[in-house]
Amino acid sequence: MKGFARLAALLLCCVCLHSAQAQQMGVPMDVLHWWTSASERKAADQLALQLAQAGVQWKDAAIPGGGGMAAVKVLKSRVLMGDPPDVAQLIGTTLTDWADIGLVMPLNAVAQRQRWSQVLFPTVLELVTYKGDVIAAPLGVHRINTLLYNRKVFGRLGLTPPRTWAEFEMTARKLQAKGIRPLAWSDEPWQIATVFETMLLGDAGPALYRELIVQRKSSAWMDARVERALQRVRWLRALATDAPVERPWTESTRELMADNAGMMIMGDWAKGELMAWGASPVRDFGCAVVPGTENMHLYSIDTLAMLVSARPREAAQEKMAEVVTGIPAQLAYNRFKGAVPVRRDMDPAALDGCARDSWETFASPRNARVPSLAHRMAADEAIKDAVAQTLWRYLTDPRMETQEAQRRLASVIRAPSAER
């Protein structure tokens, strides 16, 4: 009996130790996302650290692939197999698609407790609200119309960031004369679409941009300003490369960092990547807005959706939503991600110069805030992909006339009323 008692006590000790260890590690949360670059990994690690302190364990399920297309496919597959993740990176219109089929857990209680209606930017809260329910936790606001430039190269050649297209052309000629590629480039369709929508905003202006991208008026695509934007993108591509080249955005960012390219048009996640590699926005690179888009913010917003499953995770999912939208996590995550906090009660002095300009532009009611098509803010996956493929064909086939590209874009962008 004494031996049995000792064995029972030992087993009880092991159970208690295991329970304590499990409690210390926190409730495991399976998080599916596509943050796999150096800066994205650091940003995700910051969220994991903040959550661990709150008793929630970030169980990573990262799926490589620029733009998240591979991650969305994996998510669909897991749902069909009855094994959805607890949390998924879902952004823009894909959020409402998943909410419509009942797979997204509402976060109304969290939003009320944390006073999201008071502390979040209205544009952000509107994005994560659907049919009266809050359906995701917002993480950060990216600015798409960002022009990155190499400070060392610009300083050596006596250049300043171009504010107009005339200045841009002059800067490009000076860079070419010194054997430096003026603009880092990739023919990946989503990257082409990213550059095009920035050109479109600059040439068309916010009002026409909304008609084209948000309201999807097909007739508006034949406007002369759309033709000018398309021709400008074709000129930018010719400036950057002759042969077709498809490469990850991280490679283009490395080209800028290595002094092989003078400029890059890419969302501010590229800024986060440069900083993750040790570059400084004060010493090594700078941020400006793309010419023609001053006082405009072409945005994409990172969000996490809590998915419905058979696992009892609601309390941990709500805790995650609370933590990631709190000020400490917002500052830690966005510092590495390159984005800016979704909260309007932040002190902009806590942000670097690039981020401060982005946050203040987004915060000001006098400025234009417009949603990105290339990053799922203004159109669903099918339309986004169709637009990107049309632009890819236009840029890689010099025989296609610009007006033909306009007609094709008008046909693939359908008005919301036409989809019902």
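The buried residues of α9 pack against β7 (146–150), α8 (151–157), β8 (181–183), α10 (189–214), α11 (224–240) and β9 (261–265). Here buried means under 20% relative accessible area, exposed over 50% and partly exposed in between, with a 1.4 Å probe and protein chains only. Helices (H or I, at least four residues) and strands (E, at least two) are DSSP runs, numbered from the N terminus. The model is predicted, so local features need pLDDT of at least 70 and side-chain atom pairs count only at pLDDT 80 or more, while totals for chains, interfaces and linings use all residues. Residues are numbered from 1 along each chain as its sequence is written, and side-chain values use heavy atoms, with hydrogens and water left out.

Which residues of α9 are buried? They are Trp165, Phe168, Thr171, Ala172 and Leu175. These residues cover an arc of only 115° around the axis, which puts them on the same side of α9; the arc is that of the directions from the helix axis to the C-beta atoms. On the other side of α9, Ala166, Arg173 and Ala177 are exposed. The length of the helix can be checked too: the expected span is 1.5 Å times one less than the number of residues. For the 13 residues of α9 (residues 165–177) this should give 18 Å, and the end C-alpha atoms are 18 Å apart, which agrees. After α9 comes Gly179, with a positive phi near 75°.

Turning to the cysteines, a disulfide is a pair of cysteine sulfur atoms within 2.5 Å, and by this rule the count comes to one. The bond joins Cys287 to Cys354, with an S to S distance of 2.3 Å. This pair links distant parts of the chain, 67 residues apart: Cys287 lies in strand β10 (residues 285–289) and Cys354 in helix α16 (residues 353–363). The torsion about the S-S bond is about 90°, so the disulfide is right-handed. Cys287 counts as partly exposed at 25% relative accessibility, whereas Cys354 is buried, at 17%.

Asp30, in strand β1 (residues 27–33), is buried because its relative accessible area is 11%. Contact means heavy atoms within 4.5 Å. Leaving aside neighbours within four places in sequence, Asp30 is in contact with Lys59, Ala61, Arg78, Pro85, Asp86 and Val87.
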